[in-house]
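Me: Hey, I've just opened this one and I'm new to it. Can you walk me through what I'm looking at?

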Amino acid sequence: MEIRDGIKTHLSSLQQSLSDYFPNLENQDNYWVQNPFKIKEKPKGFHSMDYENLIELSSDTQLEAKFRTVSLTIFWSDVFEEYPNLAKQAIRILLPFATTYLCEAGFSKYVATKTKYRDKLDAAPDMRVQLSNLTPNFKRIMESKKQVHPSH
């Protein structure tokens, strides 16, 4: 009975944490960010001008085609010039997901690196490589090293 209560408490805590990290956008009247082409009513807290812009955006078939081919952040960044208020609001809603994800991913890689090396060395240089979005061109790096040290 005690174990079952402990598991129940743990699962409730986990459910709350997941709700904090990944809120249901439809319940927060931010559903328009996920798909601005399926709006049914004026989102709560929208000014009439923003709502008119959202209607205009949602009726643009070229933007809808683009929406289907790119990520949410790229879509909202691309419509920034034409619909700056909508794009600002959308990016403000999407930003916490990206920053939370990057922090969590970085921490996981750090823990894995520290565990792998068992605290014997400084993990910072390895972290710089692991967290980078760039893929190193090892062939070019090796060629540049050969030019610096031709005797090797």
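Me: OK, predicted. What's the mean pLDDT of the chain?

Reply: The mean is 79, and 78% of the residues reach 70 or more.

Me: And which elements have the lowest and the highest mean pLDDT?

Reply: Helix α7, residues 124–131, has the lowest at 69, while α4 has the highest at 92. Where pLDDT is low, the predicted coordinates should not be read in detail.

Me: Good to know. How much of the chain is buried?

Reply: Buried residues make up 20% of the 152 residues.

Me: Let's go inside, then. How many residues are in the largest nonpolar core, and which have the most contacts there?

Reply: That core has 19 residues, and the ones with the most contacts inside it are Trp-32, Leu-57, Phe-75, Trp-76, Val-79 and Leu-86.

Me: Which helices supply at least two residues each?

Reply: α2 (31–34), α3, α4 (61–69), α5 (72–78) and α6 (84–117). Of these, α6 gives the most, with five residues.

Me: Trp-76 was on your list. What does Trp-76 touch?

Reply: Setting aside residues up to four places away in sequence, Trp-76 touches Trp-32, Val-33, Pro-36, Leu-57, Leu-86, Ala-87, Ala-90, Ile-91 and Leu-94.

Me: Changing topic a bit: how many aromatic pairs does the structure hold?

Reply: Six. One of them is Trp-32 with Phe-46: the ring centres are 5.1 Å apart and the planes sit at 75°, so that pair is edge-to-face.

Me: Where do Trp-32 and Phe-46 lie along the chain?

Reply: Trp-32 is in helix α2 and Phe-46 is in the loop between α2 and α3, so the pair ties together parts 14 residues apart in sequence. Both Trp-32 and Phe-46 are buried.

Me: And how are the rings of Trp-32 and Trp-76 arranged?

Reply: Trp-32 and Trp-76 are an edge-to-face pair too, with 5.4 Å from centre to centre and 90° between the planes. Trp-32 belongs to helix α2 and Trp-76 to helix α5, so here the pair ties together parts that are 44 residues apart in sequence. Trp-76 is buried, as is Trp-32.

Me: Which residues form the aromatic cluster?

Reply: Trp-32, Phe-37, Phe-46, Phe-67, Phe-75 and Trp-76 form one cluster.

Me: On to charges. How many salt bridges turn up in the whole structure?

Reply: Two. Arg-68 and Glu-64 make one of them, at 2.9 Å from N to O. They are four residues apart in helix α4, which puts about one helical turn between them.

Me: Is Arg-68 buried or exposed? And what about Glu-64?

Reply: Arg-68 is exposed, with a relative accessible area of 65%. Glu-64 counts as partly exposed, at 23% relative accessibility.

Me: What about the bridge between Asp-78 and Lys-66, how many residues apart are they?

Reply: Those side chains meet at 3.1 Å, N to O. Asp-78 is in helix α5 and Lys-66 in helix α4, 12 residues apart, so this bridge links distant parts of the chain. Asp-78 is partly exposed at 41% relative accessible area, and Lys-66 is partly exposed at 31%.

Me: Which side chain of opposite charge is nearest to Asp-50?

Reply: Arg-92, but it is 8.7 Å away. Asp-50 is buried and has no salt bridge, since a bridge needs the nitrogen and the carboxyl oxygen within 4 Å.

Me: Where does Asp-50 lie, and what is in contact with it?

Reply: Asp-50 lies in helix α3, which covers residues 48–58. Leaving aside neighbours within four places in sequence, Asp-50 is in contact with Asn-85, Leu-86 and Gln-89.

Me: Last one: Asn-53, buried or exposed?

Reply: Buried, with a relative accessible area of 18%; the cut-off for buried is under 20%. Asn-53 lies in helix α3.

How values were computed
Residues numbered from 1 in each chain as written. Predicted model: local features only at pLDDT ≥ 70, side-chain atom pairs only at ≥ 80, totals over all residues. Heavy atoms only, no water. Buried < 20%, exposed > 50% of the residue type's maximum accessible area, 1.4 Å probe, protein only. Lys, Arg positive; Asp, Glu negative; His and termini not counted. Contact = heavy atoms within 4.5 Å. Core = buried A, V, L, I, M, F, W, Y, C linked by side-chain atoms within 4.5 Å. Phe/Tyr/Trp six-rings, centres within 6.5 Å; stacked < 30°, edge-to-face > 60°. pLDDT = per-residue confidence, 0-100.
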